Amino acid sequence: MYTSIAAYHFVAIDDPCVVADRVRARAISDGLLGTVLVAREGINLFLAGAGGAVDAFLAALREDPRFAALHAKRSHSADAPFARLKVKVKPEIISFRREDASPLDGRAPSVAPHTLARWLDAGCDDAGRRVVLLDTRNREEVGHGSFRGALALPIDNFTDLPQALDAHRDALADATVVGFCTGGIRCEKAVPWMRANGFAHAVQLEGGILGYFDEIGGHGYDGNCFVFDARIALDPALRPMKATA
C-alpha cells in the first residue's frame, strides 16, 4: 500500500536551490517518488511511498523551522501513483503572475469545510449573504467533478483566471464568493487577488476539495476530484478512480 501526500507551505526561502537539494536527497533516501517545487515563496509537493517513509520524510522536513507548520493531506493506493522523482526550483510554486496576490503579504480569509457544508444547506453564509462557489481549476479538472452549482470558468491555465473572472465582477459584487481548488494552493493566490480587485467578500475553502472530502465527504459535490498523478481522480472517500499501473 502506498501513502500519497499533497502539501504546500508559503514561506520566504532565501536559498531555494539548497532546500531543493536537501529535499531531493531525503526523498531519495526514503524511496519516495513524485514532484517537489521550491521557490522563494515556499514549497509545493506531491509525493508517495511507504507510510513509514512518508512519515520520516515529513518529520525531517519539519525540522527546518520554515516548514514546521506544513500540513500534508494523505490518501492511499495499491500501486505507485508516480513513476519517478522530480525536484525543481521555480519562480513560483503555483504560477499566477500577479504582483497583488502573494500569500507572503497576508493570507486571505478562509472558511472551514464544516462551515461551508452548513452554508450550502442554509443557502447563505452566517451573515445572510448569498454564497457563490468559484472553481478556480481548469476545464479538464472541472470535467471530473465540482461542487453542485459552482461557477466554473472556461480556462485552461490558472494564469487566465483574472481575465475570465472579470466578466462576473458586477454579478458577484454582493456575494460571498468561496474560491476552491484541489488542495487549496491556487486559492491562496486567487482569493487575495480577488479581494484586492473588487470582490470584497471573497474567501477560500480551507484545504480545498481534498480537505473537504477528508472532513465532510461528498456533501454538495458531484463527481470526483482530479489529481495530478496516475490515479486520475479521487472520489469523496479519497479512493482512486482507477487502479494505478
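Contact here means that heavy atoms lie within 4.5 Å. By that rule, Pro113, His114, Leu116, Ala117 and Leu120 in helix H3 meet Gly211, Tyr212 and Glu215 in helix H7; helices (H or I, at least four residues) and strands (E, at least two) are DSSP runs, numbered from the N terminus. This is a predicted model, in which local features need pLDDT of at least 70 and side-chain atom pairs count only at pLDDT 80 or more, while totals for chains, interfaces and linings use all residues. Residues are numbered from 1 along each chain as its sequence is written, and side-chain values use heavy atoms, with hydrogens and water left out.

H3 (residues 113-122) and H7 pack at an angle of about 85°, with their axes 9 Å apart, the axes being lines fitted to C-alpha atoms over the stretch in contact, with angles running from 0 to 180 degrees between N-to-C directions. H3 is therefore roughly perpendicular to H7, a term that covers angles of 65 to 115 degrees.

A pocket is an open set of points, on a 1 Å grid over the protein atoms alone, where a 1.4 Å probe fits and protein lies on both sides within 12 Å along at least five of seven lines; its lining residues have an atom within 4 Å of a point. Volume is the space filled by probe spheres set on the points, which are joined across faces, edges and corners.

| Pocket | Volume |
|---|---|
| Largest pocket | about 700 Å³ |
| Second largest pocket | about 600 Å³ |

Of the 32 residues that line the second largest pocket, Ala6, His71, Lys73, Gly183 and Gly207 are the closest to its centre. Two or more residues of this lining come from each of S1, strand S4 (71-77) and H7 (208-215), and S1 gives the most, with 6 residues. For the largest pocket, strand S1 (2-10) and helix H6 (185-196) are among the elements that each supply at least two lining residues.

The structure also holds 8 aromatic pairs, counted where ring centres of Phe, Tyr and Trp (its six-membered ring) lie within 6.5 Å. In one of them, phenylalanine 147 and phenylalanine 180 are edge-to-face, at 4.9 Å centre to centre and 80° between the planes, where edge-to-face stands for planes over 60 degrees apart.

Key. Parallel < 35°, antiparallel > 145°, perpendicular 65-115°, else oblique. Phe/Tyr/Trp six-rings, centres within 6.5 Å; stacked < 30°, edge-to-face > 60°.
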